Amino acid sequence: MAVQKAVSRRLDLPIGPELAGIKVDTLLKKHLGLSGTVVRRIKWLEDGILVDGRRVNTRFVPCPGQVLSVRLSDPERRSGIVPAPGPLDIVYEDGDIIVLNKAPGIPVHPGPGHFSDTIGNFLLHYYDSQGIEADFHPVHRLDRGTSGLLAVAKHPHAQEVLKSQLHTPGFRRVYLAVCEGVPSPAAGVVDAPLGPRPGSLVEQMVRPDGKEARTHYETLGIYGNRALLRLELGTGRTHQIRVHMAYLGHPLTGDFLYGAEAPELIARPALHSAELNLLHPVTGEALTFRVPMPQDMERLCVP
């Protein structure tokens, strides 16, 4: 693989008369929306904060006609993730974010047993091949078995802004799932706190001392003894949809952890991140992404 020379992602602010007399620190925080954490990280970099190409400190006051430029991308990778080739289905990409359609069975983060076969590994390999200066900055996560839309930031500022949107109207996630049986009523809200199951390293359960958790569901279709559901998260707890549907008595088809394995039907829990709405972390533009349900779930929805 030919590795291209990486190009830094920078944000520029032309200084007009209305910004005259304002310190760089204030310009970065109030006018470019950078947090104190991001400013503290970049101000020590040789090319972190520049005015007309010259390094300045945060107390500097630029003059009208000058251009304040700040580095957003990572000068070095600190994640420790090893770049490794692998498939990526890119739905959208710009200098600040990348949105993927994740295939089922691929973990998002490296961990025990998955050192080089995750989204994190594949993304860093892709960045290297394209000359993109970036580390792995995930915004939210999908279980290994879950397919669909996943937003990843390309730098700490974008990650911070998008994470602050989680569980607000600015960042909405809509899922499709196939469950065993037909929920009654056909639509509703599961409002049941979640916490770890004693004795298990991975399982969650409904428990009164758990964290607040709300899942909105709507039945879209009935296929024999199964139903296709549209679900939207009010909170983002681990395994939330899977646990809440099992709590209702309708575990997801193929959910080995909270229901029953069904390898003859589907090799994973039937859950797909179908729609993602977010506000762009730099421009503020409202973005909406949709991807169709994969074939292994479509096969479950046959009259």
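**Close-ups of a predicted model**

**View 1. Helix α5 and the largest pocket.** Of the elements around the largest pocket, α5 gives the largest share of the lining, with three residues. The structure here is a predicted model, so treat the views as looks at a prediction. The largest pocket holds about 1200 Å³ of space. Two or more lining residues come from each of α4 (156–165), β9 (172–180) and α5 (240–247).

**View 2. Around the centre of the largest pocket.** Zoom in on Arg141, Leu142, Asp143, Arg144 and His239: these are the residues that lie nearest the centre of the largest pocket. They belong to a lining of 46 residues.

**View 3. A patch of positive charge on the surface.** Four residues gather here: Lys23, Arg40, Lys43 and Arg59. One of them, Arg40, sits in helix α2, which runs over residues 36–42.

**View 4. The cis peptide bond at Pro185.** Going from Ser184 to Pro185, the peptide bond is cis, and its omega is near 5 degrees. Pro185 itself is found in the loop that links β9 to β10 (187–191).

**View 5. His167 and its positive phi.** This one is a backbone close-up: His167 has a phi near 65 degrees, which is positive although the residue is not glycine. For context, most residues other than glycine have a negative phi. As for where to find His167, look in the loop between α4 and β9.

Conventions: Residues numbered from 1 in each chain as written. Predicted model: local features only at pLDDT ≥ 70, side-chain atom pairs only at ≥ 80, totals over all residues. Heavy atoms only, no water. Patch = residues over 30% accessible without salt bridge, like charges linked within 9 Å, V, L, I, M, F, W, Y side chains within 5 Å. Areas by Shrake-Rupley, 256 points an atom, 1.4 Å probe, with all protein chains shown as cover. Salt bridge = Lys/Arg side-chain N within 4 Å of Asp/Glu carboxyl O. Lys, Arg positive; Asp, Glu negative; His and termini not counted. Charge placed at Lys NZ, Arg CZ, Asp CG, Glu CD. Helix = DSSP H or I, 4+ residues; strand = E, 2+ residues; numbered from the N terminus. 1 Å grid on protein atoms, 1.4 Å probe; cavity = no way out; pocket = protein on both sides within 12 Å on 5 of 7 lines; lining within 4 Å. Points joined across faces, edges and corners; volume = space filled by probe spheres on them.
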